[in-house]
Amino acid sequence: MIKNYLKIALRGLAKHRSSSLINILGLSVGMAVALLIGLWINYEYAYDRFLPDYDRVYRLKRHYTLDRVYTSNAISLPLVDLFKNDIPGIQYAAEADWGGSAHSLVVGDKKLYLEGTFVGADFLKIFQFPVIRGNAETALSSPNTIILTASTAEALFGEVNPVGQSIRFDNQQLLTVSGIVEDPPANSTLQFHYLIPFTFMAQNMDYVRQACTDWGMNGFTLFVRLAPQISYEEIAPKIENLLTQNSPKTRDTKQKLSMQAMQNWHLYGKYENGKAVGGYIEYIRIFGLIGFLVLLIACINFINLATARSSHRAKEVGVRKAIGSKRKHLIFQFLTESFFLTSCSFGIALLMVYLALIPFNSLLGSQITMPFRSPSFWLIMVAYISITALIAGSRPAFYLSSFNAVQVLKGALRGERSAVMGRKILIVLQFSCSVALIISTFVIYRQLQHVKDRPTGYDQNRLIMSDWSEDISRNYQALSDELLKSGLIESVARSSSSATNITFFSNIDDWAGKQPGSLSLEVAAITISSSYFETLGMQIKSGRNFRDQLESDANSIILNEAAVEKLNLKEPVGQTITWFENQPATIVGVVENAILGSPFRPVEPTVFTPKGFYASILYRLAPQVKTQEALTQLAPIFERYNPSYPFEYEFVDQAYAQKFQLEVIISKLSGLFAALAIFVSCLGLFGLAAYLAEQRRKEIGIRKILGASAAQIWVLLSRDFLLLVLISCLAAIPIAVYFLENWLEQYNYRITMSPWIFLIASTLAILIAVITVSLQTIRAGKTPPVKSLRTD
Amino acid sequence: MISIHNIAKRYRTDEVETTALNGLSLEVKPGEFVAIMGPSGCGKSTLLNILGLLDEADGGQFLLDGIDVSRYNENRRAELRMEKIGFVFQNFNLIDELTVYENVELPLLYNGIKAGERKKRVEYVLDKVQIMHRRNHYPTQLSGGQQQRVAVARAVINQPAIILADEPTGNLDSQNGNEVMQLLTELNESGTTIVMVTHSEHDARFSHRIVRMLDGQTVAESVLV
């Protein structure tokens, strides 16, 4: 019997080619969008789950209260021993540095400048990255060793076995390679090119030695693996108050500890009031919803075209009923057809997704693949096809099978009125989704432009930054002199933060006019040289810059306007504050606000100090020099003073643009999906308009004989559709506003949604719908009436 | 075989109520060939639809082989149609997407007949109605007479006890009409009960008995054999 159903379906497809094409194409696009988004969601959910025992791995979180509760991964080192020794249920604990800082690795004439992590001895027992060479148990046990990833090992040693070989690290120490691990995959939160024992850091870096006993130096992270059969709920009460119990100074800010499970790191990064409330998961949900909506729009096409064309199938239903078919047979037949059509569309969708994956991956920086060899993938796909076939096919199946045999055999089709109303409701649903997506695209784009156009407060043009190193530290003066002398650079400065990231925060504890009992103010702290403001092009609003001689300005600070405002200082210059471990400092100047952190947030209150460590060298190309030539000539100068590092640099404007990466992706994706949604909706409208024009052919002929013009026929056939699209626009606006207000809320610096956006989006949707419908209705209007009547 | 008593049927639209059958009674014996005649709108087709269990009467009793089927639900009616009744329509009502062979085979599929048996029976019936040579053609490729022969073949494929024919020659020329009537006569001679609605006195003469209707009631009967 199924063979008979499929035969009918196939022959029907061939007979009504254009509507079949509309159905299959629309459903293919809808299924492709949903499948692509599904694969992406699966990829995001799989983050960090590739490691064995991932569900027992946690990262420590510290919560502290200032004006609100802040949550940070940064912890102090004295906690490490407590976690290793004193808390039952914790199998392993490993400290690590912040990660992500780059160092130089030199072997012979091969120089690499790569990011790696300093990790505690049990790191590889917690994160069981596959060890290719060496022993995971002992590879991190002695300080002057290094574990390389496979790609780093190959870049440095080629085919030679690297274990036991030496690497010159930061042009200072020799490290012996103790093991090789596989490269972390792209969907790993932890990314590194090498691992170095944390004991090396403690031996060679003063601040780390000091941090080992200092409860206030929160610059490290702690990873933990729970013993088998131990739940986090058992551990949580034991660790919550460890800080306040051991370190009195943490009590002021009510510091508490918790842990976050590894499977939640990627998706639940946002904490509010000490609890994980969301993060990337919100995008997963939004795009999951979009995928479903585009699929639904395509299914609606199927439903509408099937019910609109029901008169073509009515006779068949009547005949089948007359020769003994039960209703369930007919429902099964129409669902089989839907399943068949959905399967064809799925095949095309699979091809579309396969082709789209390359640009999609490059846009998202992901490595999503089609898991063709996974049986579970195919099982899920069978379920996907079946569910889609049911959504698309149920309404037509129940509607068509309900026909009364006598009536349809007589040629009188009853129940059309309810079908027409159903179709109208579905069209409104389709276009509401499409218009809501168009509005969202506009709002996301406008928000992106709004933030991009935000004045940065400094000049990014031709401004370059390179990472600091021990060699640059030793040779800074000579390097800076030579750079200026070369004529390639008009200004050079050093700082503890790059121009686009603030890496260090501190507190201002006391200041003139502070209300008794009020809390400290958290501020960004940036160590700078006196040439910093000139190099970045920041204006000093009052007071003065630092002097070149550090000694005379050791206790001076410069505030930005945001800090002055937060401290509520009327005459800031000359006043004294207490900050950073109770040090007094005198405000010598106020500089205008500049966005040195997130462009989406208000400018951070910032303290500039001449005292501290450096992490970046910033320099601006002279106006007349050509960029590429300048960079070629700068390389040997840097290599001379920074010999163990390759010359690496980053343009500040490009680094700043990177900050919008997520928003650019969201903007592009929402634009793409909105376009596909409106395309699929219009495809349905096109098919429906064609069918309805054909159905009203006789009426059109008579009207024309009675004197109706082509324009009047166009209005007659188009107005119902346009009314529906208009209703859709009105329905879409509140839905879009609800979602977009939630989305915009995460940005402090954001647009307000003006009515213009809704008007433009609605006009666009109506215009597209008019064009689509007109393609059919104009043709109907132009057909000579005799032809319409003769062929009827 | 068929026994109906006091059958009534009314059609309602929003504003108008039309009485199609008004307390009609009729008996049809096994093996009988009955022609039903009357002016347009007298309720002939409605009667045929009720006899064929395609439509429900609003009142009265309908006994089929002595069993009251008036209150049967749609599923049981479908089963009865499949087992006992074959239909021949004026406009043939073949499914355009199926070939001649597939159209005739369809009732057997619903009846769950195995493939080998199906092939045998379809070929036998197609041969009998002399349309075997067009077995792979689609209905739109056939003449009206050929289409009606296919429809007759489809009606008899399940070997029904009753064939209900609604103006079987209404869309045919006289030669093709005669051929179809000849077919029906042969079927009747082999034992099939036939109830035929017709406007044609010529066709009616092929039957055993003519029942004349007016305004939803039988008004006269004439026995021909």
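Which side chains meet in a salt bridge at 2.9 Å, N to O? They are the side chains of Glu102(B) and Lys7(A).

**Before you look.** This is a predicted model, in which local features need pLDDT of at least 70 and side-chain atom pairs count only at pLDDT 80 or more, while totals for chains, interfaces and linings use all residues. Residues are numbered from 1 along each chain as its sequence is written, chains are lettered from A and ligands numbered from 1 in the order in which they are written, and side-chain values use heavy atoms, with hydrogens and water left out.

**View 1. Where chain A meets chain B.** Here 25 residues of chain A are in contact with 27 residues of chain B (contact means heavy atoms within 4.5 Å). The size of an interface is often given as the accessible area lost when the parts come together. For this pair, about 2,500 Å² is buried, 57% of it on carbon and sulfur atoms (buried area is the accessible area, with a 1.4 Å probe, that two parts lose on being put together, summed over both). Arg11(A), Ile323(A) and Lys326(A) supply 24% of the area that chain A buries against chain B, more than any other three residues.

View 2. Five salt bridges run between chain A and chain B (a side-chain nitrogen of Lys or Arg within 4 Å of a carboxyl oxygen of Asp or Glu). On chain A's side, helix 1 (2–15), helix 11 (310–322), helix 12 (327–364) and helix 14 (405–410) each supply at least two residues that touch chain B. Helix 1 of chain A gives the most, with seven residues. Helices (H or I, at least four residues) and strands (E, at least two) are DSSP runs, numbered from the N terminus.

**View 3. A nonpolar patch on chain A.** Leu289(A), Phe292(A), Ile735(A), Tyr738(A) and Phe739(A) make a nonpolar surface patch of about 490 Å². Patch residues have over 30% relative accessible area and no salt bridge, with like charges joined within 9 Å and nonpolar side chains (Val, Leu, Ile, Met, Phe, Trp, Tyr) within 5 Å; areas come from the Shrake-Rupley method with a 1.4 Å probe, and for residues only the protein chains shown count as cover. Helix 23 of chain A gives the most to this patch, with three residues. Phe292(A) lies in helix 10 of chain A.

**View 4. Asn461(A) in its loop.** Look between helix 15 (416–452) and strand 15 (463–467) of chain A for the loop that holds Asn461(A). The C-alpha atoms of Asn461(A) and Leu621(A) are separated by 8.8 Å, though these residues are 160 residues apart along the chain.
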